[in-house]
Each structure stands twice: as structure tokens, then as C-alpha cells.
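Me: I would like a close look at one part of this model. Please keep it brisk and give the cut-offs as you go.

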Amino acid sequence: MRDHGGPPPLAIDADMTEEWLTGFLREELTRRGFGKAVIGLSGGVDSAVTAFLAVRALGRENVIGIRLPYRTSSAESLDHAQLVIDALGIESRTVDISPAVDGYLTAEPDADASRRGNITSRTRMIALFDLSARYRALPLGTGNKTERLFGYFTWHADDSPPINPIGDLYKTQVWALARHLGVPDIIITKPATADLIAGQTDEGDLGISYARADDILNGMLHGFSHEALRSRGFQSDELTLVSRRLNGTHWKRRPPATALVSHSGIGESYLRPVDY
């Protein structure tokens, strides 16, 4: 039931959401002149939902699932990605990126875990975009709204694909859509992880559960103050954590800043409403 004194509910109409997002995928690929899509399958729920949507939109023969393990990747992640491939009956490739990542790291042996994780993520995007050329297929993004608002992604890696069907769905909404689409339950219920460091989990990194974070973000984005959210049962430390992440990562959600030296800067003052 709608609380008319609060922000809009996070509950989704799963049938309508599926219809809207599959239509979005068909329209955006057609606009760009593509009939196929490639998806990096991590074994997590976000990439699984994206793959399920893509198959509904384009047909299984037009979707290629790509597994891109690094030598420290969890075997479970590979297995869960394979579950998605098998459930959908799509073509797949597995490319071990360890030689590429380690080849660079031989020149930077003192790189810490954060740098190594970013290098791994960006190497995956190199492979995904190259395979997109191989298959004449467009890469699809798999980042959810919570990650994007928190800046919890590798800049110019996870956010690089030109089309993202789930980028306006909070993590809890992605889980709800996953259940509707028939994503294997083991993928939905396991702790979310970027699988860049052994034992790492999203919620451990973020310091808050997705359920709490989504409710707070939803309130903040609809203009509710900290005081109003505290009155709804949220703690001050939770609100501070979320607002700090939200406000401190704005730069990751914007295109590169370009110095203007003309009256027709692309993306700044170029007059066409759509850049064809």
C-alpha cells in the first residue's frame, strides 16, 4: 500500500518492467544498426537479468554470453555464469584474462588490491569490446542504479557499454525482476560480490545492506531530508554514509569534462537535440 507521506514505493510491476526493458533493448540496438548483443557474464544477478532480458528481446540466437575469468576468480562465479548460459541456450565464450592482466602487472608488481581490481575490470572491457567487433554485436551494460549512485564501479570499465537496460533499477528491484524472469535461485540468493578479491562482498565494501541503502537513496532522490528520513526509522550514521557516497561520486556519472573553445562543443552546446 502506498504511503502518501513518503517516497514512491520500490516495488515494481515485473510484467510491465520486462515489457518496457525488452522494448528498450530492441529499439536501441536497431537505432544503432545492430541485431546482436554480447554480455559479460559474471555469475551475478545483474548480468544474469541482463542476459535474460536480451534473449527475450532479441532471441537466443542473437545473444552471446562471455565469461572473462581472472586466475583468482571464484570457481562458483564461473559455474553460475554457466547456469545462465545453459538456462538460456545461448552461444558462449570463455576467455581467461589472466595473461593480459598479469602481463601489465609485471611492470607494476607493487599495485595494491584496488589497482589490481580496476586493471582486471578494464581488461574485461577490452575483451568484451573486441569480441563485440568479432560478432558484430553491441555490448550491454549490467550496472544497477544502486551501484551507479554509490559510484561502486570501475570508471571506464563497468560503465562503458553504450546500452544498459537495468541502470535505473535499484539492486532490490533487480532481485525482484530476476525472480520474475526465472533466473536460477542460487544466483539471486547468494551475497553480491564483484569477485575481485577473495571473500569480498558488495555489502561488506559499502558498509550497509542493499535493502537499507535502496530505501535511503529512494528517499534522498525524492527530496526527503535527513530529519525526515530519521523520523522514518533510519539512523544518522546510515544517512551520513549514503549521502557521502552519493555526493562524493557525482563525477563518475558524468561524461568527461571538455574545454570549450567554440560555439558548438559536443555534448555541451551542440544544437541538435540528438547527436546522430
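At what angle do the axes of α7 and α10 cross, and within what distance do they come?

Reply: First, the ground rules. This is a predicted model, where local features need pLDDT of at least 70, side-chain atom pairs count only at pLDDT 80 or more, and totals for chains, interfaces and linings use all residues. Residues are numbered from 1 along each chain as its sequence is written, and side-chain values use heavy atoms, with hydrogens and water left out.

Now the crossing. The axes of α7 and α10 cross at roughly 115° and come within 8 Å. Axes here are lines fitted to C-alpha atoms, for helices over the stretch in contact, with angles running from 0 to 180 degrees between N-to-C directions. Helices are DSSP runs (H or I, at least four residues), numbered from the N terminus.

On the α7 side, the contact uses Lys171, Thr172 and Trp175. On the α10 side, it uses Tyr210, Ala211 and Asp214. Contact means heavy atoms within 4.5 Å. By class, the residues of this contact are three nonpolar, one polar and two charged. Ala, Val, Leu, Ile, Met, Phe, Trp, Tyr, Cys and Pro count as nonpolar; Asp, Glu, Lys and Arg count as charged; the others, Gly among them, are polar.

Rings of Phe, Tyr and Trp (its six-membered ring) pair if their centres lie within 6.5 Å; planes under 30 degrees apart are stacked, over 60 edge-to-face, and the rest tilted. The count by this rule is two aromatic pairs. In one, the rings of Trp155 and Trp251 have centres 5.0 Å apart and planes at 80°, so the pair is edge-to-face. Trp155 sits in the loop between α6 and α7, and Trp251 in the segment after α12 (236-248), 96 residues apart. In the other, Trp175 and Tyr210 have ring centres 5.8 Å apart and planes at 85°, so this pair is edge-to-face. Trp175 lies in α7 and Tyr210 in α10, so the pair ties together parts 35 residues apart in sequence.

Burial comes next. Both Trp175 and Tyr210 are buried, meaning under 20% relative accessible area, with exposed over 50% and partly exposed in between (1.4 Å probe, protein chains only). Helix α7 (residues 171-181) has these buried residues: Lys171, Gln173, Val174, Trp175, Leu177, Ala178 and Leu181. They pack against α1 (14-31), α2 (45-58), α6 (145-150), α8 (185-189) and α10 (210-221). Just after α7, Gly182 takes a positive phi of about 90°.

How values were computed
Helices (H or I, at least four residues) and strands (E, at least two) are DSSP runs, numbered from the N terminus.
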